[in-house]
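Please look over this model with me. My notes follow, point by point.

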Amino acid sequence: MEKLDILAIGAHPDDVELAACGTVLCAIAQGKRVGLLDLTRGELGSRGSAETRALEATKAAAMLGVGFRENAGLPDGFLENTKSYQLAIVPFIRKYQPRIVLTNSLDDRHPDHGKTAKLVSDACFLSGLRAIKTTDANGREQKAFRPEAVYHFIQDRYLKPDFVVDITEVFSRKLEIIAAFSSQFYTGDIQKPEEITPISTPEFWKFLEARAREFGRAAGFEFGEGFNIERPIGVKDISNLL
């Protein structure tokens with residue numbers, strides 16, 4: 001496996017698609033190597049089984065055109081920034097050696113999201129410590145590796161972005177990919193009252209467009225995806241920020 005440019009890590013299947021797949025699509029179009037890692041199977045979701053969501057995740061990954069999609073098998077709803085969960089993520093980071101890691105929002109409606117933000121950030125740091133030993137699937141010791149940057153995509157709860165990626169050219173494709181998770185989102189089907197969730201209504205699609213327009217407008221684009229950073233981005237030429 002060649003080293004990745006970007007590894008996108010989400011607490012649940014569809015997290016990356018909802019908040020960052022426009023960025024992923026643009027990166028792939030630029031020739032960058034991108035992979036996905038879901039930490040859980042989303043088994044506690046109000047709609048759809050873990051098996052259904054796995055099939056949807058595979059379909060979405062194919063539509064995105066990423067190099068792979070893996071699942072860490074951690075428990076949905078009970079993610080914590082613990083040693084055991086950190087050590088469950090480190091082997092993936094060392095295996096794929098991404099320059100950039102994209103992961104969940106620093107603060108969000110679902111408690112797994114904010115916890116994953118810190119969990120992944122700490123796992124990326126620990127992955128660079130040689131004293132921590134991990135092995136690959138064949139039992140071979142992995143080399144220490146630390147990504148150059150961790151960026152947090154903004155999800156349900158509004159946060160002021162530190163930077164915005166222009167996704168105008170791929171926005172319609174992003175919506176098609178999100179729709180691959182048909183068990184989670186409104187696709188024109190008749191829903192029973194007990195099946196309706198905050199993300200399964202027609203209005204949620206309007207929210208996704210409004211949020212993308214909001215982020216885009218602030219940065220001078222039609223549609224955008226917003227990200228937060230934990231430490232400043234360094235540049236040698238200030239004009240590179242234009």
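**Notes on the sheet and the cores**

1. Val164 stands opposite Gly226 in β7. Strand β7 covers residues 224-229 and pairs with β6 in the antiparallel sense, over four bridges. Strands (E, at least two residues) and helices (H or I, at least four) are DSSP runs, numbered from the N terminus. Two strands pair if DSSP finds at least two bridges between them.

2. A word on the source: this is a predicted model, where local features need pLDDT of at least 70, side-chain atom pairs count only at pLDDT 80 or more, and totals for chains, interfaces and linings use all residues. Residues are numbered from 1 along each chain as its sequence is written, and side-chain values use heavy atoms, leaving out hydrogens and water.

3. The open sheet has seven strands, in the order β3-β2-β1-β4-β5-β7-β6, with mixed pairing. β3 (69-71) and β6 (163-166) stand at the edges. Each has a single partner strand, so one side of each lacks a neighbour in the sheet.

4. The largest nonpolar core has 37 residues. Such a core is a set of buried (under 20% relative accessible area, 1.4 Å probe, protein chains only) Ala, Val, Leu, Ile, Met, Phe, Trp, Tyr and Cys residues, joined through side-chain atoms within 4.5 Å. Val16, Leu64 and Phe153 are among those with the most contacts inside it. The largest share, nine residues, comes from α1.

Terms used. Buried means under 20% relative accessible area, exposed over 50%, partly exposed in between (1.4 Å probe, protein chains only).
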